[in-house]
Amino acid sequence: MKTISLKSIILASFILINFSLFAQNTADWKNPNLTSEQRARDLISKLTLDEKAGLMMDESPAVPRLGIKPFFWWSEALHGYARNTNVTVFPQTIGMAASFNDDLIYTVFDAVSTEARAKYNEARANGEDYRKSLGLSVWTPNINIFRDPRWGRGQETYGEDPYLTSRMGVAVIKGLQGDENTKYRKLWACAKHYAVHSGPEWSRHSLNLNNVAPRDMWETYLPAFKVAVQEAKVREVMCAYQALNDEPCCGNSQLLQRILRDEWGFEYLVVSDCGAISDFWQNHKTSSTPAHSAAKAVLSGTDVECGFNYAYKSIPDAVRQGLMSEKDLDIHLTRLLIGRFDLGEMDDDALVEWTKISPDELNSEKHQKLALDIARQTITLLQNKKNILPMAKNTKIAVIGANADDERMLWGNYNGVPNQTTSILEGIKSKSNKVFYDFGCDLVSDKILESAFANCSFDG
């Protein structure tokens, strides 16, 4: 009988350990030569239930044992890369819609996506932590229909016309996402808020729309989403806060499954509006617990939850209670991991062309000129009586109102911060040396309705 020497045992152990390390380091999910779906399925097989739940939240934590970085699904790019400094701020969306120039809108959002990548690259080069609003998934465009002028977010939309909104939405999405034939994509765009979401803001977390006529739904509210999915190939759709026909939109199988996936063929991610899944039990009262809400949203088709008190933290409890299975989760994880692999954020920078975009692109002279071009096309001159325009330098002009001397107001909402801002008053003063200004009414006074006339004075 042969004896095995201690030296042989040590050598064999060394080989096995190194083979194991090699196999781990060359896991399929780390192989950029495989398809994103193959990589996603391999990675899912290595995740625990708690890790799966974490990846399905918009602030997805790192998985250190596997080398998975944190990922933030929520950034904004309504009219520029929002919540960042040193970026180009383009006109508010409702203004850009007035250009009726979808080719120019495409160019604008191609510039926006370039600046988004430049900011992302700059932050990583400086060793900054990953953070919200500095990611590669931007929740734009808002393609809801601006039907009621009392809705406080109408300025984020492209107006009241379904066709114009559709064409603008396609241009925005294609500009943000870049060439769909490249291995890695530039950014992910998100069509929101699906569906029939047009205010009012105060009741959006509990509103139930059960009287929307089918014709109105299909001819007014859904066309822009349909072309976003089928023509623009948008990679994310955000479900809305309110309920439609007694089911919250983020747990509405008619919207998310039968229409979006079965009829329109959508293959990618559904993300929730922020807090929408918590609304199931807190406001809509269609679920009894966070775990039940999580199961309802997952089984209906919502892949990623944006939240504050995350219902998806209760996913493990929902699985243990039998409300859904771990296999149900894997369907959603496959979609979201494909999204991450397609952006190249898990691969070496040398492989991803967008990592070469320089910070020199930020608020560049070229992009400032583009902002001026689109701003000029947003203007509609209704009349020019007595040929007042263009103004002579000695033209007498009265400028009245609190917003005229407010630089911040010009930035709009979901905005970035430009390096320089010229107020309306300053701009007019640069064209005339005879300008009279009166502040007028305080727009933010709590008692403005009571004292409107008392607070307003237009002397002179």
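In this predicted model, K46 is partly exposed, for its relative accessible area is 31%. The partner of K46 is D42: the two form a salt bridge in which the closest N and O atoms are 2.9 Å apart. D42 itself counts as buried, with a relative accessibility of 15%, a value under the 20% limit for buried residues.

A second salt bridge joins the side chains of R41 and E37, with an N to O distance of 2.9 Å. Both residues belong to helix α2, which comprises residues 36-44; because they are four residues apart in this helix, about one helical turn separates them. E37 is partly exposed, at a relative accessible area of 38%.

K52 is buried, with a relative accessible area of 4%. Through salt bridges that share partners, K52, D330 and E326 are joined into one network. In total, the structure holds 24 salt bridges.

Helix α13 itself deserves attention. It runs over residues 326-343, and at 1.5 Å a residue its 18 residues should span 26 Å; the C-alpha atoms at its ends are 26 Å apart, so expectation and model agree. Where does this helix stand in relation to the rest of the structure? Of its 18 residues, 13 are buried, and α13 is therefore largely enclosed by the rest of the structure. After α13 comes G344, which has a positive phi, near 80°.

The account now turns to the strands. Strands of a sheet pair through backbone hydrogen bonds, in either a parallel or an antiparallel manner. A191 has V237 in β5 as its bridge partner.

Another open sheet is formed by three strands in the order β4-β6-β7, here with mixed pairing. The edge strands, β4 (208-209) and β7 (247-248), each pair on one side only. Strand β6, at residues 243-244, pairs with β7 in the antiparallel sense over two bridges. Within β7, P248 is the residue that stands opposite A243.

How confident is the predictor in this model? The mean pLDDT of the protein chain is 91, and 91% of its residues reach 70 or more. Over residues 17-24, however, the pLDDT is below 50, and this stretch has two contacts in the model beyond near neighbours in sequence. The pLDDT is also below 50 over residues 451-460, a stretch with eleven contacts beyond near neighbours in sequence. Where pLDDT is low, the predicted coordinates should not be read in detail.

Conventions:
Residues are numbered from 1 along each chain as its sequence is written. Side-chain values use heavy atoms; hydrogens and water are left out. The expected span of a helix is 1.5 Å times one less than its number of residues. Buried means under 20% relative accessible area, exposed over 50%, partly exposed in between (1.4 Å probe, protein chains only). pLDDT is the predictor's confidence in each residue, from 0 to 100. Contact means heavy atoms within 4.5 Å. A salt bridge is a side-chain nitrogen of Lys or Arg within 4 Å of a carboxyl oxygen of Asp or Glu. Two strands pair if DSSP finds at least two bridges between them.
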